[in-house]
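I opened a new notebook page for this structure.

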Amino acid sequence: MSSRLRQVYAWLSDQPHQRAGLRALQTALGMMLLFRVMTEFRFAPFLWGPHGIGRGSSAAFLGDSLGPWVDRLYQSDLTVQGMLCLLALGAAGLVYGFQTRAAALLSLLAFRFFESRLPELGDGGDNVARLVLTYMLFALPAGSHPRRGSLSVWFHNVAVLAIGLQIGVVYLTSGVLKLTGERWSNGTALYTISQVEWFSNPHFRELFHNPTITALATYVTVFFQIWFPVVVLTRLRPLWLGVGILLHLGIALFMGLIGFSLAMIGLELFLVTDAEYRGVRAAYERGQRHLRRGWSSARLLLPDRPSLLQLWNPRRFRGKVAR
Amino acid sequence: MKRKLICLLSAALRAVTLLGLALHFGATLLFVFPANPIKLQLGHIADMTIGVYFPQNWSLFAPNPVDSTQSLLLECLRPEELPTSSGAPLALAPDRWRDVSSAHFVRAHENPLSAYERMVRPLQNSLRRYVAGGTELAPLFQACSKGDQEACASAQAALLPQREQAARMIRQVASAFCRESDPGTHFGGVAVRYRERKALPWSQRHSPPAAAQDYQLGVFALDEDVALPGLYRGDS
């Protein structure tokens, strides 16, 4: 085996990767699903119930024998709402890191159930969430300590690779398709989107009348997407991930696509390595220590006066002030 | 011996997972990429696997973003206002039309942390499907616009079932609106219009908005069974 192949094999088999990134992704997807449940619960009978607008069947992915059987769940508003509760339960498990493999399975099943009933409701965020939840079934549960080199580590790392490849597919495909579009190549795509009521906040519409903002934002989007699969393998990764997070915050703000943005930001946070997360944590703790030290020195220079909090609730702090 | 067998099985499993991963993402790329020579040859394999179990679409405003605001306008009709079987044209006052889509857009912008934007998607996607067959038929219509007569015929044939499906959804949403916005009135049907307002070209960006164009979609019998969303109360 050549040394390169040996390195790849060791990466896959020795120890689990992207554990902090996976937790960030689980949290983001869990929040996205919880947001959906909280905002859509009261509309459940209208969307998916027996007299709702959704008439799709699970037979498309479960087959003609199992599909119609599962479709019976749509025959009552109560079971539909019950499924939403299960989705919320799965999502909460993902957010809190509790039984994450079971939580991913529960979320995936409930999610697929609703998607097959009313596919017109979904967007790219739902699409990627469904795929990533599937890959997550093979990842290690949060907080577990597997044996080095074990088969579960191998499956975890293959799942990590699958999620990474899926992100690459999303950006590469979207970028390549944009290259074939006239409005993306002439730099006016974001102006056009800003003129469509469905996808644009009227408060920001004027902003895209500015030629520099429109052209720059349009080209940065295409450039970012096309190069994403390559750049994340280089030292420029943190920069690219930062741009991606800003881009999706912008989409949430300008276009109101909250669920989509949450899912995509989660995917970008997934690509931050465990070592980088440890570095960020260490820097944060160093900063906190500096602040605390600075605060203690500053307090020595200040007269012994009660703080705003102590003035607001003097009874709670009476003893401390007296001391 | 047993230990050796376990090692062998484990190695085989590892190899199979890697092979599966490679095949899965090979098929995924084939499925999501635009038409190309490989896709013409092997695309059916991707359709049967990825298309069924891992469907995905990453066009995300590509190749060109939507360039018009499309909305559904409707007018709830009392039984005596329904068009007669003689086919007499429907005469409605222009101020009676209500724009359901725009009501959603305004509310979604006022309250982004709500379901208003998502709730309008079934309606908007159905409108697009009714008018032009949706994203599925876009390549056929594109080829048709370039003069491919075979594509034109296929697009027209495929449009009919798409329209039927979209009309069902439009009828249900329109019926829910009528029954909920004016619960005291008994309606027998709903007249539906499609309105399109094109985005101005970049060179005319400072001009007043383009005029909207309306298209009659017809009159649908009111759906008395559809569940009410609780969104349209007081919208009359």
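My entries follow, on a helix pair, a core and a sheet.

I am reading a predicted model, in which local features need pLDDT of at least 70, side-chain atom pairs count only at pLDDT 80 or more, and totals for chains, interfaces and linings use all residues. Residues are numbered from 1 along each chain as its sequence is written, while chains are lettered from A and ligands numbered from 1 in the order in which they are written.

Helix pair. I looked up helix α12 (residues 237-255) and helix α13 (residues 258-270) of chain A, which pack at an angle of about 170 degrees with axes 8 Å apart. Helices here are DSSP runs of H or I, at least four residues, and strands are runs of E, at least two. Axes are lines fitted to C-alpha atoms, for helices over the stretch in contact, and angles run from 0 to 180 degrees between N-to-C directions. α12(A) and α13(A) are therefore roughly antiparallel (over 145 degrees).

Core. I found 121 residues in the largest nonpolar core. Such a core is a set of buried Ala, Val, Leu, Ile, Met, Phe, Trp, Tyr and Cys residues joined through C-beta atoms within 7 Å. Buried means 20 or more other C-beta atoms within 10 Å of a residue's own, with C-beta atoms placed from the backbone. Helix α8 (residues 151-179) of chain A gives the most to this core, 12 residues.

Sheet. In chain B I traced an open sheet of 4 strands, ordered β2-β1-β3-β4, with antiparallel pairing. Strands pair if DSSP finds at least two bridges between them. The edge strands are β2 (98-99) and β4 (213-221) of chain B. I noted Asp99(B) in β2(B) as the bridge partner of Leu73(B).

Conventions: Angles under 35 degrees count as roughly parallel, over 145 as roughly antiparallel, 65 to 115 as roughly perpendicular and the rest as oblique. A residue is buried if 20 or more other C-beta atoms lie within 10 Å of its own, exposed if 12 or fewer, and partly exposed in between; C-beta atoms are placed from the backbone.
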